[in-house]
Amino acid sequence: MSIAEKIKVLIVDDQVTSRLLLSDALTQLGFKQITAAGDGEQGMKIMAQQPHHLVISDFNMPKMDGLGLLQAVRSNPTTKKAAFIILTAQGDRALVQKAAQLGANNVLAKPFTIEKMKAAIEAVFGALK
């Protein structure tokens, strides 16, 4: 069993198309345990019920944005060790700095390629094979 198959991933994005693209890319990389949420509040409810190893979250969402979710994940003892990758538009340096200060493990710029997603995940977990 590969590392990817063991990692539970939570995708948090308010755009259905983005969630589908992320899920498809993760599946192509060998991930099998993928859950999706439409906003940060729903994502945190899922994390509180069943912690995941990796959260990939969009920044701009209703109810609770990606930084709010990152803060909630990091402040909860049962979820604080989860890896967190935040999705952002190209060149948003202020957001990247704030995400790093709050404990994000990595940032993935949109639009992304499967190779860039793989590199962002491997920077956190090591080689996926």
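**Lys63**

I began with Lys63, which sits in the loop between E3 and H4. I am working from a predicted model, and I keep that in mind for each entry. I looked up the backbone of Lys63 and found phi near 65°, a positive value in a residue other than glycine. I noted beside it that most residues other than glycine have a negative phi. Is Lys63 buried or exposed? Lys63 counts as exposed, because its relative accessibility is 66% and the cut-off for exposed is over 50%.

**Pro111**

I went next to another backbone entry, the peptide bond from Lys110 to Pro111. I found this bond to be cis, with omega near -5°. I noted that most peptide bonds are trans. I placed Pro111 in the loop between strand E5 (106-110) and H6.

**H3, one side and the other**

I then listed the buried residues of H3, and they are Gly40, Gly43, Met44, Ile46 and Met47. Why do I put them on the same side of H3? They cover an arc of only 160° around the axis, so they share one side of the helix. I checked the other side of H3 and found Lys45 and Gln49 exposed there. What do the buried residues of H3 pack against? I wrote down strand E1 (8-12), strand E2 (33-37), strand E3 (54-58) and H4.

**H3 with H4**

I took up the pairing with H4 separately. I noted that two packed helices are described by the angle between their axes and the distance between the axes. For H3 (residues 40-49) and H4 (residues 66-75), I have axes that come within 9 Å and cross at roughly 20°. H3 is therefore roughly parallel to H4, because angles under 35 degrees count that way. I recorded the crossing as right-handed. From H3, I listed Gly40, Gly43, Met44 and Met47, which meet Leu69, Ala72 and Val73 in H4. I sorted the residues of this contact into five nonpolar, two polar and no charged.

**Ala72**

I followed Ala72, a residue of helix H4. Ala72 counts as buried because its relative accessible area is 18% and the cut-off is under 20%. Leaving out residues up to four places away in sequence, I found Ala72 touching Met44, Met64 and Thr79. I also looked up Val16, which is 56 residues from Ala72 along the chain, and the C-alpha atoms of the two are separated by 23 Å.

**Thr79**

Thr79 came up as a neighbour of Ala72, and I looked it up in turn. I placed Thr79 in the loop between H4 and strand E4 (83-89). Not counting residues up to four places away in sequence, I listed its contacts as Met44, Met47, Ala48, Ala72, Val73 and Arg74.

**H2 with H6**

I noted an angle of about 70° between them, with their axes 10 Å apart. H2 and H6 are therefore roughly perpendicular to each other. Which residues make the contact? I listed Leu22, Ala25, Leu26 and Gln28 of H2, and Ile114, Met117 and Ile121 of H6. I sorted the residues of the contact of H2 with H6 into six nonpolar, one polar and no charged.

Notes. Residues are numbered from 1 along each chain as its sequence is written. This is a predicted model: local features need pLDDT of at least 70, side-chain atom pairs count only at pLDDT 80 or more; totals for chains, interfaces and linings use all residues. Side-chain values use heavy atoms; hydrogens and water are left out. Axes are lines fitted to C-alpha atoms, for helices over the stretch in contact, and angles run from 0 to 180 degrees between N-to-C directions. Helices (H or I, at least four residues) and strands (E, at least two) are DSSP runs, numbered from the N terminus. Angles under 35 degrees count as roughly parallel, over 145 as roughly antiparallel, 65 to 115 as roughly perpendicular and the rest as oblique. A crossing is left-handed if the near helix is turned anticlockwise from the far one by less than a right angle, and right-handed if clockwise. Contact means heavy atoms within 4.5 Å. Ala, Val, Leu, Ile, Met, Phe, Trp, Tyr, Cys and Pro count as nonpolar, Asp, Glu, Lys and Arg as charged, and the others, Gly among them, as polar. Buried means under 20% relative accessible area, exposed over 50%, partly exposed in between (1.4 Å probe, protein chains only). The arc is that of the directions from the helix axis to the C-beta atoms.
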